[in-house]
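My notes follow below the structure.

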Amino acid sequence: ENLLSKNNSAGIQMYSSNDSSIVGNCLEEGSDEGIYVGNSRGGAIAMNTIVDYGKDAVTVSQSERMRIERNVVVNSVKKGMSVEKSDGNIFLENVITRCDAIGFHLKGGKHNVIRGNVVEDNAEGIYLVEENMDNRLERNVVRGSVNGIAIIPEGKVTMKKAAAPAILVENDVTCCKFGIQIHDIGCLIDGNVVFNCLIGVGINNKENIIKGNWVSTCINHGIKVGRGENRILNNEVVDIKRSDGREGAVFINSDENMIAGNTVRDNQVVGIMVRGSKGNVLENNRVLRNREGICFSKCERSWSTRNVMIENDYHGILVDESKGIFLEGNASGGDIAGGLGITVMDSARINIKGCDFSNSRIGVKVNRIVELTLMDSTVMDNASGISVSNGRLVTITGNCIAGSKNGLMLENLKRSTITGNYVVGASKTKWGVALVEMVNVSGIIKNNVEVEGEKAEPPLPKLTRRDWRKTT
């Protein structure tokens, strides 16, 4: 319980010690380091106050099995806490604030636990750099830094997975430029809260798992994935505010990612944007009340399965300049005066199977397409049902189109197959009777059924010969 003030050297130094402790000291206005512990084992650094030091306030170097807890660090010129090549230490409930460089800096350590610390209003928040293994960041609060939590291998970003990568669990990151930034491989980011950042969670390497996080009120992106083979699971992304409405609340710009079980809602941007990539899988996501629902732009060989898009402003699903996109079991709907269930344009080899597009201005709109398959889908209660124009090798088969003013509108299609579709009128709805119109359509056109009458609910009843008339 010493008071050390206005020192020109380190406040307290301890070398090659076992089970020794530095407890309850107050260090003020030093030009060097506050507390330095090197090559030591066991013991504690606890309940110290270090204010206005010219270098790192607390340094732990090549030491292990220590407890660094309930210290207060204010106004360090460099780092609040610096940990170098140290293993198996516990950093618990420290307060680090107003440091000019980094609040908490861990370089080249393993099996450390950083839990319950408050790291606030520093130039940078918590940094893990170089070769870190099996370090756990848990229930820390990080506010007001450029990077909230960053895991960055120094020098060239490694492509070799660590034996036991870092784990980030239940941290609270608020009011940072970049909330959580991961440049390492195989990290687990689980159950964190990221609020009011420019980018909430940024992933710049592969094989990471991002799950169960709540990301809200960010400016550009909630979750941004710049390298592939990651899993983005069961996150909630809310209220992303980019003013021009571009990009995505969840933005995927890399290959072979799994995006599943997420809720993406009430954003002023695209809910899930996949751009310039291939091999991505979107499954069982709920995308609600965004500018757009899901967008594939300039993508190849990707899948969208059993996703639900509701009340998005413009499109439930938008496929643009893409090829080899498979959409199965998706459902899209919303305000009938609003957008479109799905729009496909300037694309090739698009497969839509078993989807439901309802309560939109247009259920399905396709323009400039090569090789489209639209089958076994339900398109109900839209102002216009299915509109396909300017394409070839188009197959439209086994779909149910009901309750739309314009049921099936086809124009300028070559070598196409239009078979076995049911177009059911809704003469007592505000949209009027069903209508099938084909202009300049060549190929196989047969066994389509148009029925005028009440609005039908799928599955349709078995029809008799009196109930239908073939269209050619």
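Entry 1. I looked up Asp239 and found it partly exposed, with a relative accessible area of 21%. For this I take buried as under 20% relative accessible area, exposed as over 50%, and partly exposed as in between, with a 1.4 Å probe and protein chains only. Its partner is Lys241: the two form a salt bridge, with the closest N and O atoms 3.1 Å apart. I count a salt bridge when a side-chain nitrogen of Lys or Arg is within 4 Å of a carboxyl oxygen of Asp or Glu. Lys241 is also partly exposed, at 33% relative accessible area.

Entry 2. A note on the source: this is a predicted model, in which local features need pLDDT of at least 70 and side-chain atom pairs count only at pLDDT 80 or more, while totals for chains, interfaces and linings use all residues. Residues are numbered from 1 along each chain as its sequence is written, and side-chain values use heavy atoms, with hydrogens and water left out.

Entry 3. Which residue forms a salt bridge with Arg306? I found Glu283, with the closest N and O atoms 3.5 Å apart. Arg306 sits in the loop between strand S39 (300-305) and strand S40 (308-310), and Glu283 in strand S36 (residues 281-283), so this pair ties together parts 23 residues apart in sequence. Strands here are DSSP runs (E, at least two residues) and helices are runs of H or I (at least four), numbered from the N terminus. Arg306 is partly exposed at 44% relative accessible area, and Glu283 is partly exposed at 23%.

Entry 4. I then checked Arg265, whose side chain meets that of Glu236 in a salt bridge (2.7 Å, N to O). The pair links distant parts of the chain, with Arg265 in strand S34 (residues 263-265) and Glu236 in strand S31 (residues 236-238), 29 residues apart. Arg265 is partly exposed at 23% relative accessible area, and Glu236 is partly exposed at 25%. Both belong to a network of salt bridges that links Glu236, Arg265, Asp266 and Arg289.

Entry 5. Last, I wrote down the totals. How many salt bridges does the structure hold? I have 15. The protein chain has 54 strands and 0 helices. Of its 472 residues, 54% count as buried. Among contacts (heavy atoms within 4.5 Å) in the protein chain between residues at least 6 apart in sequence, 36% join residues at least 24 apart.
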